[in-house]
Structure formats: C-alpha cells, structure tokens
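The points follow the structure as displayed.

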Amino acid sequence: MRAALRQARNGLGRTSPNPPVGAVIVRDDRIIASGYHRKSGMPHAEIEALNKVSENARGATLYVTLEPCNHYGKTPPCTKAIVRAGIVRVVVGARDMNPNVDGGGCDYLSGRGVEVVTGVLEPECKELIEAFIGHSTEGRPFITVKSALTLDGWAGSSTGHSKWITNEKSRSFVHLLRDRSDAVMVGVGTVIADDPMLTCRRKAGKDPIRIVLDTRLRTPLNSRLLNQNSKAENIIAVGSGIAGDRVKVYEDKGARIIRCPEREAGLDIPWLMETLAKMDIMSILVEGGSKVIGSIMRECLADKFYVFRSPKLLGGNDGIPMAHGHGALRMDRCVQLRDISIRHFGEDLLTVGYPVYPPVDRIN
C-alpha cells in the first residue's frame, strides 16, 4: 500500500475533479505492475496497472489507495476490468466518500468472488484525497493557508517588506505545495507589493492557476503575473461594479475576470469559492497577504494550515500580522489546530495542522 501511495502522489494537483489514486499489482510478494491516475478522462490507476500486465494479472492481488469505481463516468467502471483480469484479492486503502459510490465498488467485487480487504493505511490514504473529500462534501475547494512568520510573529515589516522571512529550503517546499495544488491565491496588495510570479520552479513541476482577489481591479498591467510564459490561467476576482471596458483590457492580457458580489469588507469569498468549485478547482493554496488570510479565517473556510517560523526577530509592535482584522477576543475562542505535525527546514520550523473553529459562525 505504501508503494501505491507513492504512485498516487504523482497525480496530486493534476486529476481534478477526480482524486489522485495509485495502484500496484502483486504476485508472490513481488510488484509486477503499478500505475496512477494522471488526469481526468485518462485511465484510472487500476486500469493503468492492469494494462501493463495483460493476462499475467490472473490470480494476483491488487492494492489500490481508493475504492475502485463501479459506475460509468468519463471512463468505464474499474470493478468490471478487475474481475475480467482475474484478480483474486483487492486491498483498499480508503472507501470512496462520495455518497453515490460509497461501498459500491467493494460490494461489486465481493459479490463476484473477489476477496476484499479495506482500511489498510486508511489515514494516509484519506489525507492523500483530503481535497477531493472536501470538494465533494463541502461544494467548494479545499483551502490550505500558508504563512511565513518571524519568531516574534510578524509576516512583514511596517513598510511591507517580507523578502525573505524563510530560507531557501522552506521556499523550495512551498513550490512543492504549489505543484500539488490546483490554484494559488493572493490579494492584490501582495501583487502590488511583491510582484510575484506564483509559478512552480521545481523540476517537472506544474504551475497552478493564479487567483488574485482584487475588488477594485488594481492589478498592474505590467505585473509579472500577467506577463510571463506560463500555461497556467490567471483569474482575477473583482467587484460587480467594475466597468466593462476596464475588464476587457485585462481579458486582452489573457486573464479571466470573475465578477463577485460584494460585502462590507470586500468580495463575497464564500460565493467565489462555490464558483471556483464549479470550475473543477479542487484545491487552493492561499499565500496571502494578511487581509486575505484574515478574511478566509473569519469565514471559517481554511481547511489546513502550513505556518513557517524563521529564527528572526523583527522587534517592535508595528509589523504586518499573519491575519489582518478582528480576531478572537479570548483565548478560548481561538482557532485550535489539531493533528499537528512539525518539520525542520534548516533552522526554519514548519507547523502543519487542521483547524477546529469555535462553535459560532464567525470568530469573535
């Protein structure tokens, strides 16, 4: 199953709206074939592995990170192919969380004499498809917030300077997160201050879709975001009142403009997330700035946090915080992180966790 998980990770950020899945076929304790789901509409992991062994799969065991599908979509059911191939045992990591599928694939296989074992390395297999689960159950993208802070808690100086808080190893890991995400999101303030490219500069990496929250459409037309050779799409979310001729200038630069309803504090973020989900954007990495992160947190929309801490002290009390705006007034109303993991990147410390929000609609 660990080998199947390694296969599945090759598809992270590339399969939306499908989940990343890996499979290996084993005979006599030896892997004879492997595969992963590469892209929506392409063969699923089980089929890719089966295609490599032809008749040699008869009597073998199939390990797969997610329950095989038993329905027609862009591709035929994997269960029927598994039975036809003569696989006698299927080991499943996680059941499919889709209510229209849950249990169907395993039941089909069991009903045709295939031994089925479930729940092997289930936590790891579920973490692998956490974006798919969130997208399927919440009807919006799975939102990961990434922030880099000094040891005394600042995301930037009072002048807005933030390059670089973390070291090269930490920044390289962020490019891996971009590679594995469908989209990366920032506010227009970050675009103006830092002029980021928001690309993945890893070898064989994939550039994510770039999303800018820009209520008044202030993104500079000469920004690197709009003037680079990248296959990834640029999306700018703007307020509903922006004039059509202004929008056209950005569309002529290749950007897609989404007009959003507005609230007192800016764009209607929940509405935007539902809209992005309908565009098959399953996962978003939010990289800032502090206003965007503050808005995401107050809407209780963040699903996961990556918080880097660098051994630097900005000093004073006038820096830029991780999250801007009204936060919790009491410690017992804070957002608590669970299932914490900690990693070192040189002298930088990364904390990863999942938020537990206080039992109210908004943090207060």
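1. Leu121 sits in the loop that joins strand S5 (115-118) to H5; helices (H or I, at least four residues) and strands (E, at least two) are DSSP runs numbered from the N terminus. Leu121 touches Met1, Arg2 and Leu5, with residues up to four places away in sequence not counted; contact means heavy atoms within 4.5 Å. The C-alpha atoms of Leu121 and Thr65 are 8.5 Å apart, although 56 residues separate the two along the chain.

2. The model is predicted: local features need pLDDT of at least 70, side-chain atom pairs count only at pLDDT 80 or more, and totals for chains, interfaces and linings use all residues. Residues are numbered from 1 along each chain as its sequence is written, and side-chain values use heavy atoms, with hydrogens and water left out.

3. Helix H3 (residues 78-85) has Cys78, Thr79, Ala81, Ile82 and Ala85 buried (under 20% relative accessible area, 1.4 Å probe, protein chains only). Viewed down the axis of H3, these buried residues fall within an arc of 165°, so they line one face of the helix; the arc is that of the directions from the helix axis to the C-beta atoms.

4. Which elements do the buried residues of H3 pack against? They are helix H2 (45-50), strand S3 (61-66), strand S4 (89-94) and helix H4 (104-110). Just after H3, Gly86 adopts a positive phi of about 85°.

Note on methods:
Buried < 20%, exposed > 50% of the residue type's maximum accessible area, 1.4 Å probe, protein only.
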